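Dear colleague,

I am handing over the structure below. My notes on what was found in it follow.

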Amino acid sequence: MNKKLKKSLLYWLLLSPLIILILFPFAVMFITAIKPSNEVLAPTWWPQEPAWRNFIDMWAVTNFGNALWNSVYVSVLSTMLALAVSIPAAYAMSRFRFKGQGFFRQFLLVSQMLSPIVLVIGLFRLVVWLGLLDNINSIVFVYGAFNVAFTVWMLQSYFSTIPKDLEEAAWIEGASPAKALVMVFLPLALPAMTVTAIFSFINAWNEFVIALTMLRRQESYTLPIQIFSLVAGRYTVEWHHVMAATFVATIPVAIVFAWLQRYLVRGLAIGAVK
Amino acid sequence: MIRSPLTNPYVLILPGFLLAAFIILWPLYQLGLISLNEVNRFGQLRGFNDAENYIAVFTDPDFLGALWRTAIWTGGIVIGTLLVSVPVAMILNDDFYGRSIARVIIMLPWAVSLTMTAIVWRWALSGESGMLNSGLQNLGLIDQNIQWLARASTAFPVQIMIGILVTIPFTTTIFLGGLSSIPDDLYEAARLEGASRWQTFREITLPLMKPFLNISIVLNMIYVFNSFPIIWATTQGGPANSTDILVTYLYKLGFRFGKLGEASALSVMMFALLLAFTILYVSLAMRRDSK
Amino acid sequence: MRKLAFTTALAGAAFLSLAGMAAAETVRVTVAEYSSKTGPYFEEAAKAFEEANPDADIQIEVVPWDVLLQKLTTDISGGANADLSIIGTRWLIDFVEQGIAAPLDEYMSDEFKDRFFPVFLEPSVMDGKTYGLPIAASARAMYYNKDLFEQAGIEEVPDTWEELAAAAEKISALGDDIAGFGLQGKEIETDVYFYYAFWAHGGELVEDDGTSGLDSEAAYKAAETYKSLIDSGATQPGVTSYNREDVQNLFKQGKVGMMITAPFLSNQIKEEAPDLEYGVAAIPAGPDGDRGTYGVTDSIIMFENSENKELAWKFLDMLFTTEWRAKFTEGEGFLPVNPEVAKQPAFADNADLKAFTDLLPDARFAPVIPGWEEIAAKTSDAVQKIYLGDAEPKAALDAAAEEINGILGN
């Protein structure tokens, strides 16, 4: 056995307890999702007859398509908002020294400390005052704002690793700062922005408390709220549909991870956290 | 350098600052206001009552229990995650067969909304109808069903474990980034000098990872302190408030009992607590040099 | 010239349609979700109403029960509440005291009042004014598994708690995963599950002198009854991790001999476990023949700050006609609150429902007092401690009673 194979086996062995624990809930989800409705309550590890139909039924019963669209809309837009605002801010933080820089950084950290549950009433009144209640654009706005701290931090870390010399060279050659920014800096920063965008997307995709408070009609529900509404407080819960919906909701993000994982190693926070 | 709005840092950070401030400061102000007032269950202010709300919270026996448990919850998850993520990150940083798959699997908990993860676990932990018990029985590990969520002594550790599982993806990601930034030559040099694996780890890896360890501790502390869904979906802080942490206690106070004044006071207290801890940790453990 | 006339006509039509839209009055209704049928039912009713009233626009907002109170709280605090909403009647007192709910008497003709059984209208009457209409009503009775009874050799359905204990032990002896009595020890209505035995032993939730009835002999005996059931293995293990739905799930799987719950279980069994042989009986009585069932109503209220009260009332009027009531009540598995609905064969010939309606004379409703949610929570906490063996019945109940007296006194 060559060395790499031996190493791989050892590593997989070491990782296996963790992997089992991680995959356990997914197994539960999947297996419950394919159980016929009269077997759902029995804790068997494989149904007598897999009911693959459940995935199709679930789509209609849980109004999945609509909630999926809402989630996509909200996640993409809020990410774009957060990025639009944090790219300049991160650029400033990484390129310049200025008074209030430390304060801004502390402020961002502190803004993460308030749990949404705590802010919910105040936030709600704010949204009502803006007349944006039950409008998924209000969610876009709130998510974008909450994500700003995280995205600025991440972007700033990346940006700090991009050497200034390239831009300075461009300035010396007579390019305006704007041109230097677009032609020199942005291409180099693209991987960083992509990774940050994805994190922000995932945060928005899975967010729950704020959406629960701000959205009222079923048509505006995002995916987590839609699935939750199937479970919360009903006299009887259709678990096979719930599990099927949860499982399917995971797939887009899992695919993104598979694609993303090579970027994550390269460059996430080189010198970032100092 | 040519002066233009694009090179003025204040202009650049202004939109970000405004957006974040708007969404945080106004609700925070509302919170402070409500906490100092007598307020009916619908959030309508009825008049100042000084610190009555604060005192009421402080003297509630459930508050102290929740406070203590929050410390255990936060400490348990943050430290537990740290202990698991460091070796896991080191493994994932090395080249081996199936590494990409392993990385994706480790990241999977992040793909599910926390609330749904909690609901799935609750479903699996059911005493008589849960797949965890049936699985363990099938494997011959137990011969009687364990009633996981029936009492705090079994429920709380399980909740902490779930908390660790969902925090690992983020933490491992940060550590992977940190590990990949350590130049290989350092390891080469150490090997040439005959350093043992443990020595290498202690003298090279750990010190260079320190900033990453610190930032993950601070951020995780903040997220875990306020984490609501896991405990709520599995036990709602019960039975008899024995798995309550501050944030679930807060929810009950505000939205079940309708004591919004006290709930707001509690929120302010929680915020102050978290702020104090973070400042303390940052000043003790992290040496900041702004780049 | 023709072009001008055409454009004017077009503009005129556009203007008229806009005006038409502006004239459409909107009534928003917050609907609490009981099951997957709730939303569709209300949407159907809304459509029917809109067809009969072309200027009306009814918007239905379905909210899960678990977060209903939270949602209403935030809505009201932001002045963004709907025009009508379903609420738990036990919350009504807070809504009335804060001037949130509007009195409905001016809209209610005598004919309208006659549509209801008086016992269901009463809980919504405060200070002589009616603040809500009973939209759902339920009581509790005991479901039992006929197969398990046969296997255990039990011939008569237990009618007292002593008989129940004996029967439960026999059933539990049938197998490891079989339990005689399904006991709920988690989440909402954990306290109510305790009350079934409490009332049977002659207990009163609030004594005549206004103090809590938990520090009474009746309470101690009831708690001891449950604790001995748990200790002897006559209930499912891990009581405090089972909410009502969990216990119902066990019953539907045929793993529980007896449990106490509401009429909707019959509907669920029909759909999910059609082969289950079950029966419905009265909640067991105590040594002196006392027995009690928990009566629950949910009310639909009109908000005082609604700007479309007339139209909202019209919608309510339609909802409470026999046809629509029958549909809702049957679909969700509730008890009929309207005499006309009760006469319909689906209800009159329903043997299961009869057991529930027979118990109505013994029905106790949650006391209409502020702070009831907190009192219920304190009671639940106390009985949970008792079930776990973390506290002795007398000590736990006395402590709870003291705390509750504090709440009552305020």
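**Chain A**

In chain A, 75% of the contacts with a separation of 6 or more are between residues 24 or more positions apart. The predictor assigns the complex an ipTM of 0.85 and a pTM of 0.85.

Chain A contains eleven helices and zero strands, and its pattern along the sequence is α-α-α-α-α-α-α-α-α-α-α. The C-alpha trace of chain A spans about 75 × 70 × 30 Å along its principal axes. Chain A has 274 residues, of which 49% count as buried.

**Chain B**

Chain B has twelve helices and two strands. Along the principal axes, the C-alpha trace of chain B spans about 75 × 75 × 30 Å. Of its 291 residues, 54% count as buried. In chain B, residues 24 or more positions apart make up 67% of the contacts with a separation of 6 or more.

One loop of chain B deserves a look on the backbone level. Pro239(B) lies in the loop between helix H10 (229-235) and helix H11 (246-256) of chain B. The peptide bond that joins Gly238(B) and Pro239(B) is cis, with omega about -10°.

Gln236(B), found between H10 and H11 of chain B, has a positive phi of about 55° although it is not a glycine. Gln236(B) has 20 C-beta neighbours inside 10 Å and therefore counts as buried. Ala240(B), also in the loop between H10 and H11 of chain B, is not a glycine either, and its phi is positive at about 55°. Is Ala240(B) buried or exposed? Ala240(B) has 27 other C-beta atoms within 10 Å, so it is buried.

The contact between chains A and B takes 83 residues from chain B and 85 residues from chain A. Helix H1 (residues 9-35) of chain B gives the largest share of the chain B side, 17 residues. By class, the side of chain B that touches chain A consists of 56 nonpolar, 24 polar and three charged residues.

Chain B also touches chain C. Here the contact takes 24 residues from chain B and 29 residues from chain C. On the chain B side there are eight nonpolar, twelve polar and four charged residues.

**Chain C: confidence and domains**

Chain C has a mean pLDDT of 87, and 94% of its residues reach 70 or more. The pLDDT is below 50 over residues 5-22 of chain C, and beyond near neighbours in sequence this stretch has zero contacts in the model. Where pLDDT is low, predicted coordinates should not be read in detail.

Chain C is divided into domain 1 (2-138 + 296-364) and domain 2 (141-282 + 369-409). The C-alpha centres of domain 1 and domain 2 of chain C lie 33 Å apart. Between them, 16 residues of domain 1 of chain C are in contact with 13 residues of domain 2 of chain C.

Which elements give two or more residues to the side of domain 1 of chain C that touches domain 2 of chain C? They are helix H4 (92-97) and helix H17 (351-359) of chain C. The largest share of that side, six residues, comes from H17(C). By class, this side of domain 1 of chain C has seven nonpolar, two polar and seven charged residues.

**Chain C: helix H3**

Helix H3 (residues 68-77) of chain C is mostly covered, with ten of its ten residues buried. Among the buried residues of H3(C) are Leu68(C), Leu69(C), Leu72(C) and Ile76(C), and the list also includes Lys71(C) and Asp75(C). H3(C) is followed by Gly79(C), which has a positive phi, near 65°.

Regards

Terms used: Residues numbered from 1 in each chain as written. Chains lettered and ligands numbered in written order. Predicted model: local features only at pLDDT ≥ 70, side-chain atom pairs only at ≥ 80, totals over all residues. Domains from an automatic or database assignment. Contact = placed C-beta atoms within 7 Å. Helix = DSSP H or I, 4+ residues; strand = E, 2+ residues; numbered from the N terminus. Nonpolar A, V, L, I, M, F, W, Y, C, P; charged D, E, K, R; others polar. Buried ≥ 20, exposed ≤ 12 C-beta atoms within 10 Å, placed from the backbone. pLDDT = per-residue confidence, 0-100.
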